[in-house]
Amino acid sequence: MPLVKIYLKSRKDIDKKSIAHNLRKIMQNVLNVPQQDGPVTFLEIESANWFMPEGWEEEMVFVEVLMFPGRKEETKERLIEEFAGELSKALSISKNSIITTLHEPSLENWGIKGGKQASKSGISFKLDV
């Protein structure tokens, strides 16, 4: 059940639908989540509201992934690397301009399937990949 938010400076020259599709494919391959999981949201910030510190790239991209806990360190490393590769290619920016943060609240802190705690609803895929 990963939820992905991508914060970036507003751009008109990107195919968000294709990027979202490719990020979902990465989550399916790396995290082993079902095909229908993985909503991706783009939060575009207008130039007038985008202020990077001196020495930072102007085209920084910040990715937040909210996901169930339990994945191995190597799996998280692969997810971060593959997201950076895809976004770098799709946005024509350096991988160094992409910062990804993984958030893993415990299953009792997720409300799914009509308000049930994820810890009590029976997850249908493996988390310890």
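How many salt bridges does the structure hold? In this predicted model, the structure holds seven salt bridges. Side chains of opposite charge can pair when their charged atoms come close.

One of these salt bridges joins the side chains of Glu58 and Lys9, with an N to O distance of 3.0 Å. Glu58 is placed in the loop between strand 2 and strand 3, whereas Lys9 belongs to strand 1 (residues 3–9), so the pair ties together parts that are 49 residues apart in sequence. The two partners fall into separate accessibility classes: Glu58 is partly exposed, because its relative accessible area is 36%, while Lys9, with a relative accessible area of 13%, is buried.

A salt bridge is also formed between Lys76 and Glu104, whose closest N and O atoms are 2.9 Å apart. Lys76 is part of helix 2, and Glu104 is in the loop between strand 4 (98–103) and strand 5 (111–112); the pair therefore ties together parts that are 28 residues apart in sequence. Glu104 has a relative accessibility of 28% and so counts as partly exposed.

Lys89 is exposed, with a relative accessible area of 61%, but Glu86 counts as buried at 10% relative accessibility.

Helix 2 spans residues 73–91 and includes Glu74. Together with Glu73, Glu77 and Glu81, Glu74 forms a negative surface patch. The relative accessibility of Glu74 is 53%, above the 50% limit, and the residue therefore counts as exposed. The next residue considered, Thr75, is also located in helix 2. Thr75 is buried, because its relative accessible area of 10% is under 20%. When neighbours within four places in sequence are left aside, the contacts of Thr75 include Val30, Leu31 and Val129.

The loop between strand 2 (40–45) and strand 3 (61–66) also holds Glu57. With a relative accessible area of 47%, Glu57 is partly exposed. Apart from neighbours within four places in sequence, Glu57 is in contact with Met52 and Ser97. The C-alpha atoms of Glu57 and Asn96 are 8.7 Å apart in space, and the two residues are 39 residues apart in sequence.

Backbone geometry was examined next. Most residues other than glycine have a negative phi. Asn32, which is not a glycine, has a positive phi of about 65 degrees. Asn32 is found in the loop between helix 1 (16–31) and strand 2. This residue counts as partly exposed, at 40% relative accessibility. Ser92, a residue other than glycine, likewise has a positive phi, near 55 degrees. The position of Ser92 is in the loop between helix 2 and strand 4. At 67% relative accessibility, Ser92 counts as exposed.

Methods: Residues numbered from 1 in each chain as written. Predicted model: local features only at pLDDT ≥ 70, side-chain atom pairs only at ≥ 80, totals over all residues. Heavy atoms only, no water. Patch = residues over 30% accessible without salt bridge, like charges linked within 9 Å, V, L, I, M, F, W, Y side chains within 5 Å. Areas by Shrake-Rupley, 256 points an atom, 1.4 Å probe, with all protein chains shown as cover. Salt bridge = Lys/Arg side-chain N within 4 Å of Asp/Glu carboxyl O. Lys, Arg positive; Asp, Glu negative; His and termini not counted. Charge placed at Lys NZ, Arg CZ, Asp CG, Glu CD. Helix = DSSP H or I, 4+ residues; strand = E, 2+ residues; numbered from the N terminus. Buried < 20%, exposed > 50% of the residue type's maximum accessible area, 1.4 Å probe, protein only. Contact = heavy atoms within 4.5 Å.
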